[in-house]
Protein chains: 2
Amino acid sequence: MSAAIAAPASGAVPAAFVAVDWGTSSFRGWLMSPAGEALAESRGAEGMLHCVNTGFAPVLADHLARLRAPAGIPVLICGMAGARQGWSEAPYLKTPARLDALHEGAIQVGSHGDIRILPGIAQARADRPDVMRGEETQLLGVTEAGFSGLVCIPGTHSKWIRIEAGEVVEFSTYMTGELFAVLSQHSILAYAVETTDRLPADSEPFRDGVATALAAPTGLTASLFRLRAAQLLDFQQRTDGSARLSGLLIGTEISDAMRQYGPAKSLRLLRAGRLGQLYETALGECGFAVDAVDADDASRRGLAKAAINIWGRQF
Amino acid sequence: MSAAIAAPASGAVPAAFVAVDWGTSSFRGWLMSPAGEALAESRGAEGMLHCVNTGFAPVLADHLARLRAPAGIPVLICGMAGARQGWSEAPYLKTPARLDALHEGAIQVGSHGDIRILPGIAQARADRPDVMRGEETQLLGVTEAGFSGLVCIPGTHSKWIRIEAGEVVEFSTYMTGELFAVLSQHSILAYAVETTDRLPADSEPFRDGVATALAAPTGLTASLFRLRAAQLLDFQQRTDGSARLSGLLIGTEISDAMRQYGPAKSLRLLRAGRLGQLYETALGECGFAVDAVDADDASRRGLAKAAINIWGRQF
């Protein structure tokens with residue numbers, strides 16, 4: 001286990017509960033005040049994939065010790081810990097699903113104390129089946145009560161969500177981030193991109209990729225090969241390949257989302273790091289009025305809202 | 001080296017030349033009669049990727065010995081041996097390129113005998129850069145002199161080629177086969193498909209995948225995730241995942257090709273194995289009148305035509 005731990009704040013503020021964002025490949029836990037402020041944090045790589053071998057309860061116990069959490073403190077978890085292959089299945093709520101009622105679908109786990117896992121949301125339609133687990137808590141964290149609008153959450157599996165009066169009405173998941181990873185690492189495009197941590201947040205090749213996707217939104221699988229061909233024929237540089245691939249994939253996603261959710265309009269973007277900046281650039285190119293909100297604390301804020309809905313009277 | 005070798009035919013027919021289809025990961029060589037008939041065959045896994053370490057000349061010498069080829073016999077090669085990273089670069093012909101003039105672009109390699117490598121064809125356009133190496137020889141093999149029409153060559157990198165009066169005018173490459181492989185093996189879809197050798201040539205899930213792609217041709221990256229979500233929500237079975245993924249990818253390719261080359265009409269399909277049958281099914285669903293030709297011997301027949309253009313007087 002590798003975990004970065006901030007020392008608990010000293011002083012009079014008591015810990016009220018622990019909030020946990022338990023993803024596929026990461027664990028983030030926070031000791032929280034009654035008002036929903038983080039007093040300490042513990043991060044690690046013990047995501048769901050790790051815990052299917054070690055068990056979930058021992059990993060949580062280790063992090064609680066690192067957080068110096070009082071014995072018996074309530075714990076609220078969101079994310080893949082509630083998947084069928086996770087700690088215990090927290091059945092999906094079905095669309096339309098009220099964000100302020102997420103906590104009503106929480107399940108209790110473990111044999112000691114009050115530990116609960118929030119449910120995900122499923123779009124149980126045969127024509128557009130879709131699922132989220134973790135993003136619903138981020139949505140709760142970044143929307144005000146009664147919010148209506150379109151939200152985009154970039155990531156390995158990017159999500160576009162239409163919310164009406166605080167209710168998730170419909171959503172779509174795009175494999176954009178995962179496609180970027182598998183194509184860069186495992187396909188012929190490994191020869192056409194340089195894996196670098198220094199992909200700029202904006203660049204001409206990135207905008208070119210977005211524009212190509214918008215002009216030929218059905219042509220992704222051909223555009224991917226052209227990325228390689230363009231370099232063989234000296235039209236493009238390998239140093240631009242990564243930005244161009246990113247632009248093609250993000251542009252294809254936005255182009256389809258515009259067909260699904262109507263033409264460009266205002267959109268709330270959960271922005272984190274360079275990926276968030278790339279989406280902000282691309283969405284601007286596509287005519288969206290982007291309301292960018294910081295995504296880093298979205299899960300924690302959503303967990304705090306849900307925790308107050310559950311245990312508010314006790315805090 | 002593993003090579004399957006047919007014994008040379010006994011009797012009076014003399015060997016005139018050796019034809020070699022040298023791909024990225026395979027070698028196929030044939031001892032040929034003056035009339036272009038195969039007298040013996042030698043196959044192996046010594047493709048370009050193997051030979052960049054061992055050298056190309058020794059691999060060819062081994063296969064010539066196995067073919068019991070007469071010393072000094074002319075050799076004609078097509079495929080990746082002529083790539084920049086191959087034996088020696090045979091520079092691309094540029095579109096528009098006459099198929100019956102392929103042999104004029106051949107380069108000579110090696111220090112003994114008359115060994116030549118046919119060129120590939122490049123579409124040197126900044127807006128739609130594309131390359132082929134090997135398929136041009138298959139095209140020569142399966143088209144009659146002066147052929148006009150649209151040709152589809154399914155594969156790892158599927159190709160659609162528009163030919164006018166024996167001249168390759170334009171073409172597009174789709175990463176369909178490679179996407180199927182990397183998504184099945186390296187993405188979350190590994191949980192949604194069963195790798196099996198028994199994918200049927202036609203099935204309801206395959207046709208569903210094609211229909212989904214035709215109905216939402218911009219939505220591939222969302223449809224891919226839905227393949228997983230549909231199984232989590234019990235709308236679909238994992239046993240159908242492979243056929244559905246194949247249908248989605250092939251349907252997306254055909255849908256874009258119809259935009260590029262005009263609505264469905266007659267098309268010559270190079271059909272080999274189950275993949276060829278899948279394309280024939282999907283193209284039929286899309287309204288194409290398919291003229292299916294056997295692809296197995298297309299390279300050899302193209303090499304024979306080009307060899308006769310080069311050495312015909314000597315045979």
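## The contact between chains A and B

In this predicted model, chain A contributes 39 residues to the contact and chain B likewise contributes 39 residues. On the side of chain A that touches chain B, the elements giving two or more residues are strand 10 (130-132), strand 13 (167-174), helix 4 (176-186), helix 6 (220-232) and helix 7 (241-261). Helix 6 of chain A supplies the largest share of that side, with nine residues.

Sorted by class, the side of chain A that touches chain B holds 21 nonpolar residues, together with 11 polar and seven charged residues.

## Confidence in the prediction

For the complex, the predictor reports an ipTM of 0.92 and a pTM of 0.93. Chain A has an average pLDDT of 93, and 94% of the residues score at least 70. Residues 1-5 of chain A, however, have a pLDDT below 50, although this stretch has 15 contacts in the model beyond near neighbours in sequence. Where pLDDT is low, the predicted coordinates should not be read in detail.

## The setting of R98(A)

R98(A) belongs to strand 6 of chain A, which covers residues 97-98. Because 14 C-beta neighbours lie inside 10 Å of R98(A), this residue counts as partly exposed. Leaving aside residues up to four places away in sequence, R98(A) touches G166(A) and E167(A).

A further position in the chain can be set against this one: A19(A) is 79 residues from R98(A) in sequence, and the two are 21 Å apart in space, taken from C-alpha to C-alpha.

How values were computed:
Residues numbered from 1 in each chain as written. Chains lettered and ligands numbered in written order. Predicted model: local features only at pLDDT ≥ 70, side-chain atom pairs only at ≥ 80, totals over all residues. Contact = placed C-beta atoms within 7 Å. Helix = DSSP H or I, 4+ residues; strand = E, 2+ residues; numbered from the N terminus. Nonpolar A, V, L, I, M, F, W, Y, C, P; charged D, E, K, R; others polar. pLDDT = per-residue confidence, 0-100. Buried ≥ 20, exposed ≤ 12 C-beta atoms within 10 Å, placed from the backbone.
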